[in-house]
Amino acid sequence: MKCEDGIRYTIKSIGMDIDQQTKDYAHEKIIKNIAKFFDDPATCVDINIKDINGPKGGVDKEVDITAVIKGEKNPIRVSEKDVYVNEAIDKASNRIEKVLRRMKDKLIKQTHPNTPNTPNT
C-alpha cells in the first residue's frame, strides 16, 4: 500500500498485465481526484483494474474503486467498464468525483446549516 497525496492506496490488476504508465494514469486521475475532497491519511483507496473476457475482447476492461473515508459508515464503491483501460479509468474517476462532491456538500450542509448553496464548479 502506497501513501501519496495524503491517501493510502493500492492499484492492482486482475486477469491482465498493466504497465507503470497505466498505474500512473490511474493515480493521476483517481487518487488526485479523491484528494481534492478528502486528503486524510485515514482515507484508504483500492483500485482494481480487470480484463473480464480476456482475449475475447469487447467492453470488458473494468475499473473498480473502493474508498474508505474517515468518519463515513460505509465504503464508497464505483465500477465502470469500457473497451479501453484508460477510458474505464476516466469514467470511474468522473463517477467517484460526483459521489464525493455530493458527500462533501452534504457534510458542509450538516456542519454549516445556514450556509447558502454553492453552485458546483
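Predicted model: local features only at pLDDT ≥ 70, side-chain atom pairs only at ≥ 80, totals over all residues.
Residues are numbered from 1 along each chain as its sequence is written, and side-chain values use heavy atoms, with hydrogens and water left out.

**Entry 1: overall layout**

I looked up the secondary structure of the protein chain, which comes to 2 helices and 5 strands; helices (H or I, at least four residues) and strands (E, at least two) are DSSP runs, numbered from the N terminus. Read from the N terminus on, the elements follow the order β-β-α-β-β-β-α. I also checked the sequence range of the contacts, a contact being heavy atoms within 4.5 Å: of those between residues at least 6 apart in sequence, 53% join residues at least 24 apart.

**Entry 2: the two helices**

How do the axes of α1 and α2 cross? I found that the axes of α1 and helix α2 (residues 85-111) come within 9 Å and cross at roughly 10°, the axes being lines fitted to C-alpha atoms, for helices over the stretch in contact, with angles running from 0 to 180 degrees between N-to-C directions. The two helices are therefore roughly parallel to each other, given that angles under 35 degrees count as roughly parallel, over 145 as roughly antiparallel, 65 to 115 as roughly perpendicular and the rest as oblique. The residues of this contact divide into 8 nonpolar, 4 polar and 3 charged, where Ala, Val, Leu, Ile, Met, Phe, Trp, Tyr, Cys and Pro count as nonpolar, Asp, Glu, Lys and Arg as charged, and the others, Gly among them, as polar. On the α1 side I listed Thr22, Tyr25, Ala26, Lys29, Ile30, Asn33 and Ile34, which meet Val85, Asn86, Ile89, Asp90, Ser93, Ile96, Glu97 and Leu100 in α2.

I then followed Thr22, which is found in helix α1 (residues 20-35) and is buried, with a relative accessible area of 15%. Not counting residues up to four places away in sequence, Thr22 touches Val85, Asn86 and Ile89. The side chain of Thr22 also makes a polar contact with the side chain of Asp19 at 2.6 Å (a pair of N or O atoms within 3.5 Å; within protein, one must be able to donate a hydrogen and the other to accept it, and residues adjacent in sequence count only if both atoms are side-chain atoms).

**Entry 3: Ile11 and Ile18**

Ile11 lies in strand β2 and, at 17% relative accessibility, counts as buried. Beyond its neighbours within four places in sequence, Ile11 is in contact with Ile18, Lys23, Ala26, His27, Ile47 and Ile49. Ile18 sits in the loop between β2 (7-14) and α1 and is buried, at 15% relative accessible area. I recorded Ile18 and Ile49 as 31 residues apart in sequence and 8.4 Å apart in space, C-alpha to C-alpha.

Is Glu80 buried or exposed? At 18% relative accessibility, Glu80 counts as buried, and its place is in strand β5. The side chain of Glu80 makes a polar contact with the side chain of Arg95 at 3.0 Å.

Val83 lies in the loop between β5 and α2 and counts as partly exposed, at 35% relative accessibility. Val83 and Val59 are 24 residues apart in sequence and 4.2 Å apart in space, C-alpha to C-alpha; not counting residues up to four places away in sequence, Val83 touches Gly58, Val59 and Lys61.

Definitions and conventions:
Buried < 20%, exposed > 50% of the residue type's maximum accessible area, 1.4 Å probe, protein only.
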